[in-house]
Each structure stands twice: as C-alpha cells, then as structure tokens.
Amino acid sequence: MHKYYDIDVDKRTDQYLVKTDTRDPRKIEMSFILNQYQPQLKGTKLLLYQTIFLNKKEADKWTKDEIRKDKIVLEKWWRQMSHSWKHFAGFVPFQRFIQGKKRTFYCGSYTLVNTHEIATISGLAAAARIGAEYPFADDKLGKKQFDTYCSLVHGRNLTGGLRPIKNTIVQLFLLAVVLCMIYRCLY
Ligand SMILES: Cc1cc2nc3c(=O)[nH]c(=O)nc-3n(C[C@H](O)[C@H](O)[C@H](O)COP(=O)(O)OP(=O)(O)OC[C@H]3O[C@@H](n4cnc5c(N)ncnc54)[C@H](O)[C@@H]3O)c2cc1C
C-alpha cells in the first residue's frame, strides 16, 4: 500500500485510494482502508486493506502478485457490467415503453448507471409503480434524485415533483438514432 499510495493512517482518515497506471492513464486500481469506515474494525490495530483489480483480460497490468500470499484474508472474484454509450443512447431513454408491460417492472442499476444509489432508487420506483409511497419525501436531495430517475426510466412523475420528458420527444430521439445508424451503415 505504501509503495503505490500516499497513505498515513496515523495522521489521516483516508478511506478510498486510487492509483493511475502510469503506462496507461486510462486504467485505474482502487484500494480501501477498511478500518476507516467499517465500524466493526474501529480500534483494531491490525489494518485491513481491500484492493480492486479490474478486467481479468488485462491481469498482466495488475499489481496483485506483489501482495504477500500469507497476508491475504479473502480473495473474491466479481463479474461486473460496464455500460457503454450504446446503453445510454439505445436502452435508457426507451425502457419506459416496456416498464409495466406484461405486469412487469424492471429495476436494478442496469436501468441507468451502475451505482448503489440507482440500484436502491430503482427498487423504490418499482414499488411506487405498484402503489407504495416514496418513503423519503422529506429528504430534498433524495426526492430530487428519485424524481429524476422516475422521469427518465418510467417516463412519469411519482411524487408530484419533476415533470418527465414527453414520450413523443423520446420517440423522436429514437427515430433520429435509428436514422443515424442507417446512414452510418450505408455511407
Ligand atoms: C468491486 C465493485 C465495487 C463497487 N463500488 C461501488 C461504489 O463504490 N459505489 C457504488 O455506487 N457502486 C459500486 N459498485 C456497483 C454496485 O455494487 C452495483 O451498482 C449494485 O450492486 C447493483 O445492484 P443491483 O441490485 O442492480 O444488482 P446486483 O447487486 O448485481 O444484484 C443482482 C442479483 O441478482 C442475482 N441474479 C442474477 N441472475 C439471476 C437469476 N437468473 N436468477 C436469480 N438471481 C439472479 C445476482 O446473483 C445478484 O445477487 C461496485 C461494484 C463492484 C463489483
């Protein structure tokens, strides 16, 4: 950790550390000092770190092998989606037309951006679509995020807040995307 990150656990309370690969600045490695934010580790002398290595196909760039094997408490493999522009141009604006069809509502971070917030908000939105009340209406920022999500993903407002973008505008956008794709294929 000291080799790659600027840490000083005695003086600072940094939690989240990011290292850019100097050979390829598009690549990053992330590490966490778990003792700084996991309450069950507060006061523990032994420091527990977590590092996330991204993209197994580029494992040759990882610094993972520099970690002493006898110091590893747990190794866990994840499979995680990564959205490209196609998701935002081709799926996000149009999913409102499938929400609620065949008695089905879609939720999860796939519906917008891959974050904890969207994963949670999307579940609250699906619940609201089948009649539940949004439980954090008093929280100004929470409500704003919920309204924004519902306007984009469900094409409607579920709390009386933000006005959603009209379906016709979305359909026109879809038409423009399709025309651009046809143009790109032909020329
Ligand atoms: C290493 C890592 C670090 C991250 N850090 C952050 C962060 O700091 N901040 C942040 O906001 N987000 C972070 N994320 C992203 C965040 O974890 C995800 O956006 C969030 O967990 C997505 O929640 P979800 O409920 O949509 O999907 P998931 O959490 O993926 O849940 C989907 C569930 O469905 C189950 N499932 C899949 N297929 C089926 C099936 N056919 N039948 C039944 N069950 C099925 C899966 O097993 C899983 O339990 C991180 C992700 C990873 C991997």
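Q: Which element contributes the largest share of the shell around the ligand?

A: In this predicted model, helix α2 supplies the largest share of that shell, namely 3 residues.

Q: Which residues are around the ligand?

A: Such a shell is read as a list of residues near the molecule. Here the list consists of I52, W78, Q80, G108, S109, N114, T115, H116, E117 and A119.

Q: At what angle do the axes of α2 and α3 cross?

A: The axes of α2 (residues 116-129) and α3 (residues 140-154) cross at roughly 70° and come within 10 Å. Angles of 65 to 115 degrees count as roughly perpendicular, and therefore α2 is described as roughly perpendicular to α3.

Q: Which residues of α2 meet α3?

A: On the α2 side they are E117, I118, I121, S122, L124, A125 and R129. Their counterparts in α3 are Q145, F146, Y149, C150, V153 and H154. By class, this contact has 8 nonpolar, 3 polar and 2 charged residues.

Q: How many bridges join strand β1 to strand β2, and how many join β2 to β3?

A: Strand pairing is read from the bridges between two strands. Strands β1 (residues 16-20) and β2 (residues 28-33) run antiparallel and are joined by 5 bridges. Strand β2 also runs antiparallel to β3 (residues 49-52), with 4 bridges between them.

Q: What is the bridge partner of K19 in β2, and which residue in β3 stands opposite F32?

A: K19 has E29 of β2 as its bridge partner, while F32 stands opposite Q50 in β3.

Notes: Residues are numbered from 1 along each chain as its sequence is written. This is a predicted model: local features need pLDDT of at least 70, side-chain atom pairs count only at pLDDT 80 or more; totals for chains, interfaces and linings use all residues. Axes are lines fitted to C-alpha atoms, for helices over the stretch in contact, and angles run from 0 to 180 degrees between N-to-C directions. Helices (H or I, at least four residues) and strands (E, at least two) are DSSP runs, numbered from the N terminus. Angles under 35 degrees count as roughly parallel, over 145 as roughly antiparallel, 65 to 115 as roughly perpendicular and the rest as oblique. Two residues are in contact if their C-beta atoms, placed from the backbone, lie within 7 Å. Ala, Val, Leu, Ile, Met, Phe, Trp, Tyr, Cys and Pro count as nonpolar, Asp, Glu, Lys and Arg as charged, and the others, Gly among them, as polar. A residue is near a molecule or strand if its C-beta atom, placed from the backbone, lies within 6 Å of it.
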